[in-house]
Amino acid sequence: MADSPKKFDKKSRYTEARGLPGAFEGETITRRRLMEGTALAAGGIATMAFALPGLGFALGPLFEDTLPTRWQDVGPEEDFNEESYVPRVMNIDAEIGDAGKTTIYVRKFKPGADKVVKGQDRQPYVVISTRCAHLGCPVRYIQASQKFVCPCHGGVYGFQGQVEGGPPVRPLDRFYTRVRAGRVEVGDRFSLNSQLERFAPRDPSNHLDGLWQYLYPSRPTT
Amino acid sequence: MSTPSPPPPRARRRSPPRPGQDDRNAWDGRNGAPATKPTSKEQAVEGAASVVGWLDERTGTSPFLRGFLYRKVPKGTNWFYTLGSATMFAFLSQAVTGVFLAMYYEPDPTRAYESASRITNEVFLGEFVRGMHRWGSTVMIILIFLHMGRTFFFGAYKYPRELNWVIGVVLVVLTLLMGLTGYLLPFDQRSFWATVVAVNLNASGPVVGPYLADFLRVGSEFGPTTIPRFYALHMLAVPGLIAALIGAHLYLVAKLGTTAPPWLKAEKKDLLKEEL
């Protein structure tokens with residue numbers, strides 16, 4: 001052949017200049033490549049169409065408060081005193097039978113002895129949750145030593161629910177209380193740091209002092 | 001057992017007789033009709049063979065099986081190399097017994113304990129099947145760790161098998177997740193409190209931990225949908241992943257081959273010795 005072979009610019013953005021067979025003038029993407037992209041995009045959209053709603057369905061409960069406040073009557077005011085805890089049973093989730101019940105310890109607020117944190121209203125009653133702040137086993141109150149003891153890993157709490165020994169990372173949780181028509185009512189749970197300052201409820205094992213409170217954030221579900 | 005022989009080359013195959021043509025090439029002579037009536041045993045064998053042949057011709061199973069089952073393994077291959085298969089069979093046993101347990105089990109917090117004890121006490125062979133599932137889970141975990149140890153101590157995780165090690169580690173995690181999610185399902189005191197502790201262990205991870213616990217419980221507290229969630233993870237999501245990853249694991253084993261035990265030194269070919 002007389003003609004020297006046509007020079008192609010492999011790096012050109014035009015398919016014609018790259019010497020691809022069947023290329024149109026001004027074309028920057030081959031038809032095959034366009035169809036590849038279209039097929040992949042269509043598959044991706046079809047997958048997302050069922051994957052995203054499914055994922056949202058599974059994760060949805062993470063972003064709603066699953067336990068609305070319900071005040072529960074635990075007995076008349078005369079039942080409780082300032083010096084010792086009285087056990088009561090309350091419902092955390094009424095739908096699941098016995099598994100949704102938990103024991104709480106109720107005592108009257110003792111002015112002078114019980115700490116009132118500045119800026120936080122004081123609760124008329126001290127209601128201690130039996131959920132151990134280590135990993136959630138049920139603690140028991142022992143009147144003789146005035147301590148709460150956990151059977152699982154040996155956590156020990158004092159009269160205020162503050163940690164005195166073992167692995168727990170923060171004091172025992174408490175519940176909001178109020179008095180209506182001479183009867184004590186128990187509401188939502190809240191957590192405390194080691195200074196007995198009130199926080200939104202956390203899971204057991206979540207530290208609350210200093211920077212820890214940001215590493216274990218309060219969640220929409222509580 | 002010998003390998004199935006491949007079909008003869010096209011040139012050596014006899015063509016079937018055309019209609020009306022005297023088939024002198026047939027084995028028996030007369031017009032394609034058999035010389036003697038085949039016995040029913042012969043017919044059965046012939047029928048089975050033709051079904052297998054039909055499937056084989058359309059799927060290419062026998063070349064695949066020849067490659068997969070009769071692949072070369074290194075000298076020194078021993079019983080330790082069966083631990084992976086043993087784990088897989090433990091998984092299959094769990095899958096089969098699990099399917100049958102699911103026919104009687106009710107994943108509802110008020111019915112779970114009752115239905116589980118009904119399986120044990122009333123359903124025919126229920127105690128046996130539940131026992132197989134319960135003890136089989138322990139067996140599977142023991143086997144998978146023995147298999148992992150074998151792979152580690154034989155150095156079988158090294159190039160080019162690193163990806164298979166990674167897949168295996170994911171399988172270990174998924175197997176433990178099966179143990180965790182299955183433990184709640186009998187819903188007695190032990191399984192309830194063990195799961196409470198396990199979920200709170202998840203909650204102890206910074207930042208994501210509390211959300212992970214919320215995901216497992218479906219909310220901030222153990223609620224009516226916690227058991228269905230554990231059940232769905234236990235019988236649908238995790239086993240599906242395990243089955244898929246076992247497939248990938250086996251594919252890589254067949255593709256890359258297995259390693260010789262570390263106490264065998266590579267044989268030096270005479271030729272190589274001379275060159276050295």
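Author: Residues are numbered from 1 along each chain as its sequence is written, while chains are lettered from A and ligands numbered from 1 in the order in which they are written. Since the model is predicted, local features need pLDDT of at least 70 and side-chain atom pairs count only at pLDDT 80 or more, whereas totals for chains, interfaces and linings use all residues.

Reader: What makes chain A more spread out than a compact globule?

Author: The radius of gyration, taken over C-alpha atoms, is set against a globule rule of 2.2 Å times the number of residues to the power 0.38. For the 222 residues of chain A that rule gives 17 Å, and the value for the chain is 32 Å, well over it, so chain A is more spread out than a compact globule. Along its principal axes the C-alpha trace of chain A spans about 115 × 35 × 35 Å. Domain bounds come from an automatic or database domain assignment, which gives domain 1 (10-63) and domain 2 (72-215) in chain A, and the C-alpha centres of these two domains lie 57 Å apart.

Reader: Which secondary structure does chain A hold, and what is counted as a helix or a strand?

Author: Helices (H or I, at least four residues) and strands (E, at least two) are DSSP runs, numbered from the N terminus. By that count chain A comes to two helices and 11 strands.

Reader: How do you know which strands pair with strand E3 of chain A?

Author: Two strands pair if DSSP finds at least two bridges between them. Six bridges join strand E2 (residues 86-91) to strand E3 (residues 101-108) of chain A, and five join E3(A) to strand E4 (residues 125-129) of chain A, with an antiparallel run in both cases. Val106(A) of E3(A) is the bridge partner of Val86(A), and Val106(A) has Val127(A) as its bridge partner in E4(A).

Reader: Why are strands E5 and E8 of chain A called edge strands?

Author: They belong to an open sheet of four strands, ordered E5-E6-E7-E8 with antiparallel pairing. Strand E5 (140-142) and strand E8 (163-165) of chain A each pair on one side only, and are the edge strands. Within this sheet, two bridges join strand E6 (residues 147-149) to strand E7 (residues 156-157) of chain A, where Phe148(A) has Tyr157(A) as its bridge partner.

Reader: Why is Pro201(A) called buried?

Author: A residue is buried if 20 or more other C-beta atoms lie within 10 Å of its own, exposed if 12 or fewer, and partly exposed in between, with C-beta atoms placed from the backbone. Pro201(A) has 21 C-beta neighbours inside 10 Å and therefore counts as buried. Pro201(A) is found in the loop between strand E11 (198-199) and helix H2 (212-215) of chain A. Buried residues make up 25% of the 222 residues in chain A.

Reader: What is meant by contact between chains A and B, and how many residues take part?

Author: Two residues are in contact if their C-beta atoms, placed from the backbone, lie within 7 Å. On that basis 25 residues of chain A are in contact with 24 residues of chain B.
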